Amino acid sequence: MAILAQLDLTTSINNLVATMGAAATVNILLTNRTNAAINVSVALVPVGTGVPAAMHWIDYQVPLDAHMALERTGIPLAMGDQVFVNPSATGVSCSVIGLVI
């Protein structure tokens, strides 16, 4: 496994965290560094699509408690697929780690 992308997320926008340079199986890790709960949404967008649409969200407005982490594991992605994350407040970081196939 290797770190494929990391980002300190901007609030209330669809942050592009990773565009896959090759097919990979990934884990997405979100960490709330604040003293308050923050809602997070995670989208997986297929190559050629561009921006998240309703069908791309795998998590939507999920509460991430203060100082807690959320992990989604074993997600297969193709070359060119994108990972987007949208937090409701600042203080959330995201790491995409994976095994390139």
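**Entry 1: surface and overall form**

I began with the surface: the protein exposes about 5,100 Å², and carbon and sulfur atoms supply 59% of that area. I note here that the model is a predicted one. Next I looked up burial and found that 41% of the 101 residues count as buried.

I then took the dimensions. Along the principal axes, the C-alpha atoms fill a box of roughly 40 × 30 × 20 Å.

**Entry 2: elements**

I listed the secondary structure. The protein has eight strands and zero helices. Read from the N terminus, the elements run β-β-β-β-β-β-β-β. The radius of gyration is 13 Å, close to the 13 Å from the globule rule for 101 residues, so the protein is as compact as a globular protein of that length.

I also checked how far apart in sequence the contacting residues lie. I took the contacts between residues at least 6 apart in sequence; 80% of them join residues at least 24 apart.

**Entry 3: an open sheet**

Which strands form the open sheet, and in what order? I found four strands, in the order S1-S8-S3-S6, with antiparallel pairing. At the edges I noted strand S1 (2-8) and strand S6 (69-77), each of which pairs on one side only. From one strand to the next, the twist averages 15 degrees. As background, I wrote down that strands of a sheet pair through backbone hydrogen bonds, either parallel or antiparallel.

Strand S3 (residues 24-32) and strand S8 (residues 92-100) pair in the antiparallel sense over nine bridges. I looked up leucine 29 and found serine 95 in S8 standing opposite.

**Entry 4: asparagine 86**

Is asparagine 86 buried or exposed? I read a relative accessibility of 15% for asparagine 86. The cut-off for buried is under 20%, so asparagine 86 counts as buried at its 15%.

I then asked what surrounds this residue. Leaving out residues up to four places away in sequence, asparagine 86 touches Ser12, Ile13, Asn14, Asn15, Asn39, Val40, Ser41 and Trp57. For isoleucine 13 I have a distance as well: the side chain of asparagine 86 reaches the backbone nitrogen of isoleucine 13 at 3.4 Å.

Definitions and conventions
Residues are numbered from 1 along each chain as its sequence is written. This is a predicted model: local features need pLDDT of at least 70, side-chain atom pairs count only at pLDDT 80 or more; totals for chains, interfaces and linings use all residues. Side-chain values use heavy atoms; hydrogens and water are left out. Buried means under 20% relative accessible area, exposed over 50%, partly exposed in between (1.4 Å probe, protein chains only). A polar contact is a pair of N or O atoms within 3.5 Å; within protein, one must be able to donate a hydrogen and the other to accept it, and residues adjacent in sequence count only if both atoms are side-chain atoms. Contact means heavy atoms within 4.5 Å. Helices (H or I, at least four residues) and strands (E, at least two) are DSSP runs, numbered from the N terminus. The radius of gyration is taken over C-alpha atoms; the globule rule is 2.2 Å times the number of residues to the power 0.38. Accessible areas come from the Shrake-Rupley method with a 1.4 Å probe; for residues, only the protein chains shown count as cover. Two strands pair if DSSP finds at least two bridges between them. Axes are lines fitted to C-alpha atoms, for helices over the stretch in contact, and angles run from 0 to 180 degrees between N-to-C directions.
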